[in-house]
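Here is a short report on the fold, the aromatic pairs and a charged patch. Look at the model first.

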Amino acid sequence: MKLTYKKYISISVILFLMALTRGSHLLTAISLPDASFALFLIGGMLLKKPKWFISLFAFSFVIDLITLSVNTIYQIPINLGYLGLFASYGIMWLFGSRIANTKSFSKFAAFSVLATLIAFLISTQTYNLLSGTFPDITIKESIQTGWEYLPKSFIYTMSYLMSYWGIQSLFRRQFVSQKATAL
């Protein structure tokens, strides 16, 4: 199967940004916040097919394995709680594929907010409840712990998604205006 130039660029940029941001969940002096949720939504919009979802998930898994082997201080164990990431990223991909052809910012923003909140809830709760990191945690405590991380995670993900919308809108506008001028 032949890859189009647009898909090749999309895959390359998504993989590069994931490699650039996946090492940390938060903004630090040496890393950008994790863009994985946003990249999976964007991947669903641009790449659509499940094989690309599997490839991107496998790439994120490899990055996590490398991060764990290189940086022993940063410990995100790969365990049963990791299944929540698969579901969370699947939600983002699905929502992205549903809004792939929208030109409506309102629809894009609404789907992005809803997908981000659902994905965050799933990933946080499965990590807290299934990872073994918090063996005696109750569901109520898990939800309270999740709320502590929601604002930053939500702001980072939405910042990436709004940046994507702005950049792709500029390119679309530039391309359309050049095409109109050529006629």
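At 32% relative accessibility, arginine 172 counts as partly exposed (buried is under 20% relative accessible area, exposed over 50%, partly exposed in between; 1.4 Å probe, protein chains only). Arginine 172 sits in helix 6 (residues 139–182). Together with Lys6, Lys48 and Lys103, Arg172 forms a positive surface patch. Patch residues have over 30% relative accessible area and no salt bridge, and like charges are joined within 9 Å. A salt bridge puts a side-chain nitrogen of Lys or Arg within 4 Å of a carboxyl oxygen of Asp or Glu.

This is a predicted model: local features need pLDDT of at least 70, side-chain atom pairs need 80 or more, and totals for chains, interfaces and linings use all residues. Residues are numbered from 1 along each chain as its sequence is written, and side-chain values use heavy atoms, without hydrogens and water.

The protein has 6 helices and 0 strands. Helices are DSSP runs (H or I) of at least four residues, strands (E) of at least two. Of the 183 residues, 38% are buried.

There are 15 aromatic pairs. Rings of Phe, Tyr and Trp (its six-membered ring) pair if their centres lie within 6.5 Å; planes under 30 degrees apart are stacked, over 60 edge-to-face, the rest tilted. Phenylalanine 57 and phenylalanine 86 have ring centres 5.0 Å apart and planes at 85°, so they pair edge-to-face. The pair links distant parts of the chain, 29 residues apart: helix 3 (residues 50–70) and helix 4 (residues 83–98).

| Residue | Relative accessible area | Class |
|---|---|---|
| Phenylalanine 57 | 14% | buried |
| Phenylalanine 86 | 40% | partly exposed |

Ring pairs join both into a cluster, whose members include Phe53, Tyr89 and Trp93.

Definitions and conventions. Patches are made of residues with over 30% relative accessible area and no salt bridge: like charges are joined within 9 Å, nonpolar side chains (Val, Leu, Ile, Met, Phe, Trp, Tyr) within 5 Å. Accessible areas come from the Shrake-Rupley method with a 1.4 Å probe; for residues, only the protein chains shown count as cover. Lys and Arg count as positive and Asp and Glu as negative; His and the chain ends are not counted. The place of a charge is taken as NZ of Lys, CZ of Arg, CG of Asp or CD of Glu.
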